[in-house]
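Please read these notes with the structure open beside you.

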Amino acid sequence: MKKLILLFSLIIASSFSYSQTQTTEIEAKGIFSEIAVEKQNLAVERILGKDKKEKKAIIETVKENPNDFNPPVLYALSHELFEQGNNDEACYWFYLAQLRARYDANLCMDNSAKQAVSVLNNNFGPKINKYAFQDIEKLEKTVTNVVNFVREHEENYDHRWINLHGMWAMQAGLSDKEETRELSKPKDEWKAIKKKTIDDYYNGFIEYVKSQKK
């Protein structure tokens, strides 16, 4: 199956009926074609799709195996749960998706690809953030649970999903030349990057909470 750059943008656009959105499909080539996202793409399609049986099944699968699914899947899950009225649960999955997306962005060598985090936050975040920030104490517990989960669990998905949203992937898809650059930072740096990402995320949130309690 051919993977298409900006596939998640296509899914998000169709799901939210952005009729004015135009996205060009470009075949992922070379190293970008090796990025494992087929399972993730299918999960997003089913979560946001209209088949209730498929939707229910994939939601349960993702909730039982969250480490196997990349952030776009968790963002989609949070959206669907919120639409179903499971607001507190939706908040948990949204902030988990957000934190892991930041980690993946920090691993990514293509700075242009990091905008995917903002795109996902902007598409899936407004309603959830508005709800969550109405109760700071509850939100604080949710974020603490999210941070603890991410600290204690390893990710089993391909972190390079985010590279498909950058200029390097776009350029490779339009060129016949083989992409030779490293897509992610060296693995021996990942542990430190993860720790810093979590610490920065949590500390930034705590500072905000303190400002609200004054």
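1. **Ground rules.** This is a predicted model, in which local features need pLDDT of at least 70, side-chain atom pairs count only at pLDDT 80 or more, and totals for chains, interfaces and linings use all residues. Residues are numbered from 1 along each chain as its sequence is written, and side-chain values use heavy atoms, with hydrogens and water left out.

2. **Overall fold.** The protein has 10 helices and zero strands. Along the sequence the pattern reads α-α-α-α-α-α-α-α-α-α. Helices (H or I, at least four residues) and strands (E, at least two) are DSSP runs, numbered from the N terminus. Of the 214 residues, 47% count as buried. Buried means under 20% relative accessible area, exposed means over 50%, and partly exposed lies in between (1.4 Å probe, protein chains only).

3. **Contacts along the chain.** Take the contacts between residues at least 6 apart in sequence: 79% of them join residues at least 24 apart. Contact here means heavy atoms within 4.5 Å.

4. **H5 and H6.** Two packed helices are described by the angle between their axes and the distance between the axes. For helix H5 (residues 87-107) and helix H6 (residues 115-124), the axes come within 10 Å and cross at roughly 165°. Axes are lines fitted to C-alpha atoms, for helices over the stretch in contact, and angles run from 0 to 180 degrees between N-to-C directions. H5 and H6 are therefore roughly antiparallel to each other. Angles under 35 degrees count as roughly parallel, over 145 as roughly antiparallel, 65 to 115 as roughly perpendicular and the rest as oblique.

5. On the H5 side are Phe 94, Gln 98, Ala 101, Arg 102 and Ala 105; they meet Val 117, Asn 121 and Phe 124 in H6. By class, the H5 and H6 contact has five nonpolar, two polar and one charged residue. Ala, Val, Leu, Ile, Met, Phe, Trp, Tyr, Cys and Pro count as nonpolar, Asp, Glu, Lys and Arg as charged, and the others, Gly among them, as polar.

6. **H2 and H3.** The axes of helix H2 (residues 38-47) and helix H3 (residues 52-64) come within 8 Å and cross at roughly 130°. That makes H2 oblique to H3. H2 contributes Ala 43, Arg 46 and Ile 47, while H3 contributes Glu 54, Lys 55, Ile 58, Ile 59 and Val 62. This contact of H2 with H3 has five nonpolar, no polar and three charged residues.

7. **Salt bridges inside.** Side chains of opposite charge can pair when their charged atoms come close. The model has 12 salt bridges, each a side-chain nitrogen of Lys or Arg within 4 Å of a carboxyl oxygen of Asp or Glu. One of them pairs Lys 55 with Glu 80 (3.3 Å, N to O). Lys 55 is in helix H3 and Glu 80 in helix H4 (residues 71-83), 25 residues apart, so the pair links distant parts of the chain. Both Lys 55 and Glu 80 are buried.8. **A loop tied to H5.** Glu 155 forms a salt bridge with Arg 100, with the closest N and O atoms 3.6 Å apart. Glu 155 lies in the loop between helix H8 (136-152) and helix H9 (167-174) and Arg 100 in helix H5, so the pair ties together parts that are 55 residues apart in sequence. Glu 155 is buried at 11% relative accessibility, and Arg 100 is buried at 0%.

8. **A pair within one helix.** Lys 196 and Asp 200 meet in a salt bridge (2.7 Å, N to O). Being four residues apart in helix H10 (residues 190-213), they are separated by about one helical turn. Lys 196 is exposed, with a relative accessible area of 52%. Asp 200, at 43%, counts as partly exposed. Elsewhere, salt bridges that share partners join Glu 60, Lys 63 and Glu 89 into one network.

9. **Phe 32.** Phe 32 lies in the loop between helix H1 (7-15) and H2. Its C-alpha atom is 9.7 Å from that of Met 170, 138 residues apart along the chain.

10. **Ala 90.** This residue lies in helix H5 and is buried, with a relative accessible area of 0%. Which residues does Ala 90 touch, not counting residues up to four places away in sequence? They are Ser 78, Leu 81, Phe 82 and Ile 128. The C-alpha atoms of Ala 90 and Ser 78 are separated by 4.3 Å, with the two residues 12 apart along the chain.
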